[in-house]
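Me: I'm new to this one. Can you walk me through it?

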Amino acid sequence: MWKNRNVWIILTGEFIAGLGLWLGIIGNLEFMQEKIPSDFLKSLLMAAGLLAGIAVGPYAGRITDQISKKTVMLWSGVLRTISVIFMLIAIATGSVWWMLVFFVSIQISAAFYFPALQATIPLIVKDKDLLQLNGVHMNVSTLSRIVGTALGGILLVLLPLSMLYIGSLAAYLGLLILTWFLDFEENNVPSSTKKKTNEKTSFKDVLPVIKGLPIVFMTLLMTLVPLLFLGGFNLLVINISELQDSTAIKGWIYAAEGVSFMIGALFIKKISDKLSSNTILFSSSILVGLSQLLLYFADVTLITIGAFLVFGFSVGCFYPTASTIFQTKVPKDFHGRFFSFRNMLDRIGFQIVLLLTGFFLDFIGLQQMCVLYGGLTILITIIFYLKNNQLQPVKQGN
């Protein structure tokens, strides 16, 4: 696997793009803190971008299955690069509306890019290497987040806000150039029959496939559980920073969660040899709930960092396992539509949780909200676990 040039291009591109993404996110948080006082209004602004991504999701899935995945990634990369220019205009004019245009355009880009990327990974390595590559890929993403947030915090002190987005623009251009050098054999329909096949291809075709694969269906539902934490992650960080009256805690939180995520993703291959995929998913989900409950003590720095360490490790085990299940169990002909569908579900979940988080932060406060979310996460996980156990005897009987 490590002799494969495409693997190195994907991983290097992920690191460079991650730097750009997190420089932008640090800039977004700073801009919103200056311009928008209400957490709920912040969540509305971010949710508008997610809604745009959901709207184009079905089209993105069909396109990814019909044309070259490399082409989809290239054009989405162009749009991502252009979107940064809108944010530079927002800073220059002090306009929240231009930030809205930025959120919408970058989320549309992501709606095309990430399904194409997820559909590409199984085409460049063998199935036996997928879990390892998924873990390494997520570790690279996390490392870029740690470096990006640290670098963003330093640049924010030393340079104007616009320079963060200049750095983000340079990173996205770097990703675009690297994507151009990808070279792999795609499993698209031959060109002679492509037009005829495309006319019959529907985004809805993926739904029967999901229903016919119980492990995929249950895993898809399980991936929604961590969203109760992830959906409002940045708002949580802002509020913890305000609660502790510390700007430094933001960096500590991102670093703790990121390092812990990397540890989880690093050891997932060894863990998977001893535990079933279902056991890993359900156990990780319970840990997510416990980490949320710990944030009842969000005014205590050490407990706060501990909560994010637990959360990072749990999702570091959870997501590589879930991704590998999807990539190996779903037929490759449906990968574009499936990963687009999953992306839409994630965005809908993010949007709902984002709005709820903004609402609850304004009306019941951070600590009470974390207890509520933690209790819900554990309850939902237990319900899914019991439901899965009920289905097992039926499957064995069949």
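**A first look**

Reply: Thr381 is buried, at 2% relative accessible area. Buried means under 20%, exposed over 50%, partly exposed in between (1.4 Å probe, protein chains only). This is a predicted model, where local features need pLDDT of at least 70, side-chain atom pairs count only at pLDDT 80 or more, and totals for chains, interfaces and linings use all residues. Residues are numbered from 1 along each chain as its sequence is written, and side-chain values use heavy atoms, without hydrogens and water.

Me: Which helix does Thr381 lie in?

Reply: Helix H16, residues 366-397. Helices are DSSP runs (H or I, at least four residues), numbered from the N terminus.

Me: And what does Thr381 touch?

Reply: Val225, Phe282, Ser285 and Ile286, leaving out residues up to four places away in sequence. Contact means heavy atoms within 4.5 Å.

Me: New topic. How many salt bridges are there?

Reply: One, by the rule used here. That rule wants a side-chain nitrogen of Lys or Arg within 4 Å of a carboxyl oxygen of Asp or Glu.

Me: Which side chains meet in it?

Reply: Arg342 and Asp346, at 3.8 Å from N to O. Both lie in helix H15, four residues apart, about one turn of the helix.

Me: Is Arg342 buried or exposed?

Reply: Buried, with a relative accessible area of 9%. Asp346 is buried too, at 16%.

Me: What about Ile364, where is it found?

Reply: In the loop between H15 and H16. Ile364 counts as partly exposed because its relative accessibility is 36%.

Methods
Helices (H or I, at least four residues) and strands (E, at least two) are DSSP runs, numbered from the N terminus.
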